[in-house]
Every structure is written in structure tokens, then in C-alpha cells.
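Me: Please take a close look at one part of this model with me. I would like one connected account, in plain terms.

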Amino acid sequence: MSNNTVKTWAIETEDLDIFYGDFRAVKHVDLRIEPQRITSIIGPSGCGKSTVLRAFNRMNDFIPSAHSTGKVLFQGQNIYEPQVDAVVVRQKIGMVFQKPNPFPKTIYENIAWGARINSYKGSLNDLVESSLRDAALWEEVKDQLQKSALSLSGGQQQRLCIARALAVKPEIILMDEPCSALDPIATLKIEDLMRELSKNYTIIIVTHNMQQAGRASDFTAYFTMDADRAGMMVEYGETSQVFTNPRNKSTEDYISGRFG
Amino acid sequence: MTSSFGNPTFLEQNSDLNLEKRQKKASFFAALFRLSTLIAVVALSILLLSIINQAFGLVAIQDKQDRSAISQVPVEQLSQSELVTLIESNLTINRVKTLDKEKPLTERSRKDLLSIVENEVIQSRVVASYPLFKSILTPGGFQNEVAQKFPQATIRFKAWLNPQFLTKTMSNIPEQAGIRTAILGSFLLILITLLVAFPLGVSAAIFLEEYAASETKLSRIIQTNIDNLAGVPSIIYGILGLAIFVRVFSTFTSGEVFGVEGNNGRTILSAGLTMSLLVLPILITNAQEAIRAVPNSLRLASYGLGATQWQTIWHHVLPNALPGILTGTILAISRALGETAPLIIVGAATYITKDPTGIFSSFTAIPIQIYNWTTRPQAEFRSIAAAAILVLVFMLLSFNSIAIIWRNRSQKNR
């Protein structure tokens with residue numbers, strides 16, 4: 001994990017500890033995310049994968065008991081410093097959730113709303129179209145933009161949520177098990193989309209699906225639970241290396257399906 | 001009995017399960033629940049039927065003045081000017097003056113003049129009345145009774161709940177009394193209550209659900225108190241309203257600071273403010289539940305796009321909670337519409353013929369009229385009280401139906 005080049009990372013954590021009340025959920029996370037690549041975070045249930053992901057755009061702020069120590073650096077700035085407005089952080093670092101959660105509005109409004117509240121100046125129509133095209137959804141919904149987003153299928157809803165995130169022009173997109181509520185075909189579409197999006201965006205994905213991490217990500221971070229039940233990162237590297245030649249015994253056991 | 005395999009069947013094996021006793025218990029409870037529902041339905045039906053029973057029925061009408069002594073031809077055939085002379089010659093000068101003041105007699109319509117003749121000159125009055133079911137089942141009994149006591153009276157069927165009843169003002173004579181003043185008073189009261197309580201209640205609910213940290217001791221104390229306030233007897237709110245709005249803030253509630261003269265604090269504004277306090281806990285708890293029912297995933301989606309807390313509340317939480325909030329609001333209105341005790345304390349007028357003209361008017365409301373009329377000794381007042389109850393029940397039912405329709409629609413959208 002020692003990297004002394006002056007490379008700029010998409011996001012970087014330094015000795016990040018996250019607590020729920022007195023309980024330390026995650027400890028000593030030093031993670032450097034490659035820009036414009038797909039990084040997957042894998043590990044058994046309860047190891048703090050989602051907690052770490054939410055720490056990247058301060059979504060843990062909404063859990064009253066949650067607090068953290070250490071640093072999360074985005075463009076060299078620790079996003080947990082008091083002068084940082086979490087609203088800006090979340091606009092720059094978007095999020096796609098486990099269950100598709102489109103707003104109960106029209107498809108058009110789902111995309112346009114985020115831009116509008118962020119004082120977007122350009123043409124909303126163009127933005128809606130380009131965001132839907134980028135999310136590979138335009139061809140399917142271009143004739144029904146005024147229909148309710150809830151009328152779409154689960155996979156379409158999830159791509160709509162991705163398009164919605166793209167519309168506010170983020171730099172990083174966090175995905176919290178985005179395919180766990182979808183069927184295999186919809187899952188593949190999302191994975192293809194992620195590959196396409198990684199040309200312009202940094203993508204960090206938490207997944208339970210080992211095959212998904214293996215085929216869809218460039219880098220993989222493996223988390224597990226320590227004896228004190230705190231999650232910690234035990235291995236991080238290029239996906240091909242982590243999957244074929246893990247350095248850690250526990251990683252190997254998990255990837256080969258011996259536990260987890 | 002044994003099966004073809006020589007073993008006992010499953011029916012015989014189960015003999016030690018105490019099945020009979022368990023099933024008996026089950027059917028006992030089923031019957032008990034059915035009975036409870038039945039009792040409730042029967043009680044409500046009896047209540048409604050007894051009100052309807054009072055509000056309709058046969059009446060005996062008798063003229064105080066002999067029609068033939070007043071005019072040779074039936075009054076219905078008299079011309080407009082003849083009716084005016086008839087009124088002027090038969091009523092006291094003072095009464096004619098008052099009538100002229102309201103609207104000059106010569107400018108009044110024929111129908112208007114005829115009703116003055118009927119009510120004030122001939123003075124046809126209901127002298128006896130009979131409830132609906134007796135009227136249908138044993139009309140003979142009433143006819144005999146009337147024939148003995150009031151030989152000149154004519155018997156006819158009267159619906160006490162009629163268009164006239166809705167449009168006329170108070171009167172000492174039951175068949176001429178109406179509840180227009182009370183309906184207007186109730187509406188104005190509800191309006192004030194709504195304008196004050198809705199923004200306050202919804203704001204408080206938003207604060208408690210979205211801003212206040214739910215786990216702190218202070219917010220738990222506030223929450224418990226709001227829940228308890230919903231159960232405080234309404235008369236206590238009346239006393240509070242009397243002490244604060246009628247007495248302490250009388251310069252404000254009487255309109256004195258706004259240049260309205262000649263009032264005390266017993267205005268519709270005081271009553272509306274008191275009513276707002278009364279329904280506030282109901283409104284807050286309902287709005288809180290509605291806000292809590294908005295899925296958290298929507299909030300997170302909104303925050304995830306870089307929305308501020310207010311943008312999240314205004315664009316997502318409130319629109320999705322609105323049907324629930326409105327349902328709670330309508331239930332609160334229903335409560336305010338039917339409340340009597342606080343209005344009596346705050347000082348609703350029991351006899352008032354002038355429509356409320358603004359928030360600084362003295363006023364009456366439908367439940368006050370019902371209360372007032374039921375305390376009168378004459379049977380006819382009980383009949384118009386029953387008619388007023390029907391009006392009130394109808395208004396309540398319509399409000400509640402709207403609430404149910406709204407709720408169903410919001411559930412469909414979710």
C-alpha cells in the first residue's frame with residue numbers, strides 16, 4: 001500500500017475509523033481510489049463495506065450515532081472538516097442505492113430535479129436527454145418522459161437513478177450493491193453501463209456478488225471483521241491480482257467461497 | 001377404524017390433542033367479536049333513527065287570528081298593495097316601522113309579504129307535534145288528541161329539516177327558527193381554526209420529525225406532552241381560552257386595536273384561537289405520522305443529489321406526506337365542528353339573529369344551537385334540535401368521507 005508517487009487519487013482515506021455510538025464499526029482504513037476506474041469493495045456481511053462507502057460522501061451524517069475519525073480526502077481536502085458543506089460533497093460525489101429509489105415523479109422530473117436545485121443554467125431538455133443516453137436508458141424511455149418513474153421495471157429504475165446522479169455532474173459515483181434487487185439480465189446491463197461510465201467517472205461499488213466484482217471492477221478492496229467485530233481492509237489491489245493471487249489467506253478463503 | 005394398512009388413521013391418532021375444547025373456545029371468541037360489532041352497529045342505528053324520528057313527523061297547525069276576520073278572500077289571492085295595507089292595519093306601528101327599516105314594505109316581494117301575513121298577522125303556529133314513527137304507525141292517535149285539544153287545527157306532515165330551516169336566522173318560534181347564523185358561525189370558526197392551527201401544526205411536526213434529534217430527553221418530553229394534550233378534556237381548553245384570549249388579550253380579540261368598537265373579547269376570533277389550541281395536538285401527531293411514513297430512501301436520494309435539508313423537505317417529504325397531513329387536518333376540523341364545551345366557556349351567544357360579519361363578531365355555532373334548543377321545554381324545539389343534529393352529522397360525514405377518499409388515493413399512489 002505504499003505509493004510515493006505524486007499521483008492524484010480520486011478519493012483517499014487516512015486512518016479512517018467509523019463509530020456507531022461507542023461501537024467501532026470500521027478501523028484503520030487507508031484506501032486510495034484510482035480515478036476513472038471501477039473499484040469494488042467486497043467482504044462478508046457486517047464488515048463495514050457500506051459504512052465506508054457512505055463515508056465518502058458524508059451519507060453517514062444521517063445516522064445520528066455515527067461519527068468518524070481520520071481523514072477522507074477529496075481533491076486534497078478532508079471532507080469532514082467543519083468548513084466543508086456536505087451539500088457540495090454530495091453534489092460532487094453522487095450515490096446509487098441498493099434498492100432503486102426514483103422519486104414518485106415523472107421520468108423527466110427525476111432527472112431535471114437535481115440539476116434544478118443545484119442552480120443548473122443550461123437547457124434542461126438537453127440535460128435530461130444526455131443523462132438518459134449516458135445511462136443507456138434513452139432509447140427505452142424517450143417516448144414516455146412524462147410517465148411516472150415508478151412505472152418502469154426495477155432494472156430501468158436503477159438506470160434512471162444512475163442517470164439522475166449523472167445529471168448533477170458528479171466526479172465520483174458511489175454504488176451500494178446496485179444490483180442486489182435486480183435479475184441477472186438487468187444486472188449485466190448495469191455492469192456494461194458501469195464500464196462505459198468509468199471512461200469519465202470514478203466508480204466505487206460495494207457488492208456481495210463475487211463474480212460481479214471479478215468481472216466488472218478494475219480494483220478490489222477486501223474487507224473483513226477483526227476479532228473486536230470492527231471491519232478492516234485486509235487486501236487491496238488490482239482485481240486480477242486479488243482474485244487470482246491473493247496475498248492474504250482470509251481473502252483467498254472468502255473468494256473461493258469457503259466462508260462469507 | 002383402521003386404514004387398509006392396519007394402522008390407525010390420522011384422525012384416531014389425534015385423540016389426545018384436546019381438539020374439541022380448543023375449537024369450542026375458538027368459536028366462543030368468534031361469536032363474541034361478532035356480538036361486539038353487532039352491538040356497536042345497533043347502538044349507532046338507534047341513535048340515528050331516534051334523531052330522524054324527532055326531525056320529521058305530523059304537526060297540528062292552528063291560526064291564532066281567524067283568517068275570515070282579517071280578509072274576505074283567502075290571503076293568497078290578495079294583491080301586493082292589499083297585502084301591505086293588511087300588514088299595516090294589523091301590526092303595531094313599531095313593528096311596521098322595524099319591518100320598513102329592514103326593507104320598505106312596498107318594495108318587498110309578494111312571497112315575502114305573504115309570509116309576514118302568515119307569521120305575524122294570522123300567526124299560524126304549530127300547536128302539537130308527533131314524532132315520525134308514531135306518525136306512520138298510529139296517526140289516528142294524534143288525530144284524536146288534536147281533535148280534543150285543538151279543534152280548529154289542521155294536521156299535516158312536516159319535515160323540520162327543510163330549506164327554510166337552513167336559511168333562516170334564530171327565532172323564538174320553533175317553526176320559524178333556522179340555523180343560518182349557526183352554520184355561518186361554524187364555518188367562520190373552522191376557517192380561523194384552520195388558518196391558525198394548520199401552519200402551526202405542520203411546522204411543529206416538521207420540526208419534531210426532521211430537525212429535532214429524536215433521541216434527546218427534551219424532544220421525548222415534548223413528544224409525550226403533545227400526545228397527552230390530545231387527551232385533555234375540551235372544557236379545559238375553553239377555560240384556557242377564556243383566561244387568555246377573552247380576558248388577557250381582549251384588546252386584540254375584540255378588535256379594539258384595529259379600531260373596531262363596542263365588542264368584548266367574546267368574539268369568533270377568541271373561539272377560533274381556542275379551537276386551534278384544541279386541535280393542535282391532533283394535527284401535530286397526524287402530520288408527524290404522515291411525515292414518518294415517507295420512505296427514508298427518498299430523503300437519501302434527495303440528499304445524494306446535493307439537496308439541502310429544506311429542499312429535501314419541501315420537494316419530497318411534504319408532497320409525499322401531504323395526503324396524510326390533509327387527512328389529519330380534516331379529522332381535526334371534524335373535532336372542532338362538533339365541540340361545544342369550549343365555545344360555551346369562551347362565550348358563544350345562544351340567541352343571536354345577526355350573521356357574523358367578521359372575525360370580531362359575536363357568534364353562535366351549530367352545536368351551541370343544538371344545546372340551546374334541547375334545553376327548551378317545548379317539544380317543537382326538540383324537533384329543530386334534531387334537524388340541526390342532522391345538519392351537523394351530515395357535515396361531519398362529508399368531511400370524513402373526503403378524508404377517506406384522500407387517504408385511499410394517497411395509498412394508491414405509493
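What radius of gyration does chain B have, and what would a compact globule of 414 residues have? Please go on from there to the helices of chain B.

Reply: The model is predicted. Chain B has a radius of gyration of 30 Å, whereas a compact globule of 414 residues would have one near 22 Å. The C-alpha trace of chain B spans about 105 × 75 × 35 Å along its principal axes.

The domain assignment divides chain B into domain 1, residues 57-158, and domain 2, residues 180-413. Between the C-alpha centres of these two domains of chain B there are 43 Å. In secondary structure, chain B has 19 helices and 3 strands.

Now to the helices of chain B. Two packed helices are described by the angle between their axes and the distance between the axes.

Begin with α14(B), residues 268-292, and α16(B), which pack with their axes 8 Å apart and at an angle of about 150°. Angles over 145 degrees count as roughly antiparallel, and therefore α14(B) is roughly antiparallel to α16(B). The crossing of this pair is right-handed. On the α14(B) side the contact includes B:M275, B:L278 and B:I282, and on the α16(B) side it includes B:V317, B:A321 and B:G324. By class, the residues of this contact are 14 nonpolar, 5 polar and 2 charged.

The axes of α10(B) and α16(B) come within 10 Å and cross at roughly 140°, which makes α10(B) oblique to α16(B). This crossing is right-handed. Among the residues that make the contact are B:I190, B:L194 and B:F198 of α10(B), with B:V317, B:I325 and B:I333 of α16(B). The residues of this contact are 13 nonpolar, 3 polar and 1 charged.

Helix α14(B) has another partner, α11(B), residues 217-229. Their axes cross at roughly 125° and come within 8 Å, and the two helices are therefore oblique to each other. Here the crossing is left-handed. B:I226, B:D227 and B:L229 of α11(B) meet B:P281, B:I284 and B:T285 of α14(B). That contact has 4 nonpolar residues, 1 polar and 1 charged.

In all, 17 residues of chain B are in contact with 20 residues of chain A. On the chain B side, the elements that give two or more residues are α15 (296-304) and α16 (309-338). The largest share, 6 residues, comes from α15(B). By class, this side of chain B has 7 nonpolar, 9 polar and 1 charged residues.

Technical notes:
Residues are numbered from 1 along each chain as its sequence is written. Chains are lettered from A and ligands numbered from 1 in the order in which they are written. This is a predicted model: local features need pLDDT of at least 70, side-chain atom pairs count only at pLDDT 80 or more; totals for chains, interfaces and linings use all residues. Two residues are in contact if their C-beta atoms, placed from the backbone, lie within 7 Å. Helices (H or I, at least four residues) and strands (E, at least two) are DSSP runs, numbered from the N terminus. Ala, Val, Leu, Ile, Met, Phe, Trp, Tyr, Cys and Pro count as nonpolar, Asp, Glu, Lys and Arg as charged, and the others, Gly among them, as polar. Axes are lines fitted to C-alpha atoms, for helices over the stretch in contact, and angles run from 0 to 180 degrees between N-to-C directions. Angles under 35 degrees count as roughly parallel, over 145 as roughly antiparallel, 65 to 115 as roughly perpendicular and the rest as oblique. A crossing is left-handed if the near helix is turned anticlockwise from the far one by less than a right angle, and right-handed if clockwise. Domain bounds come from an automatic or database domain assignment. The radius of gyration is taken over C-alpha atoms; the globule rule is 2.2 Å times the number of residues to the power 0.38.
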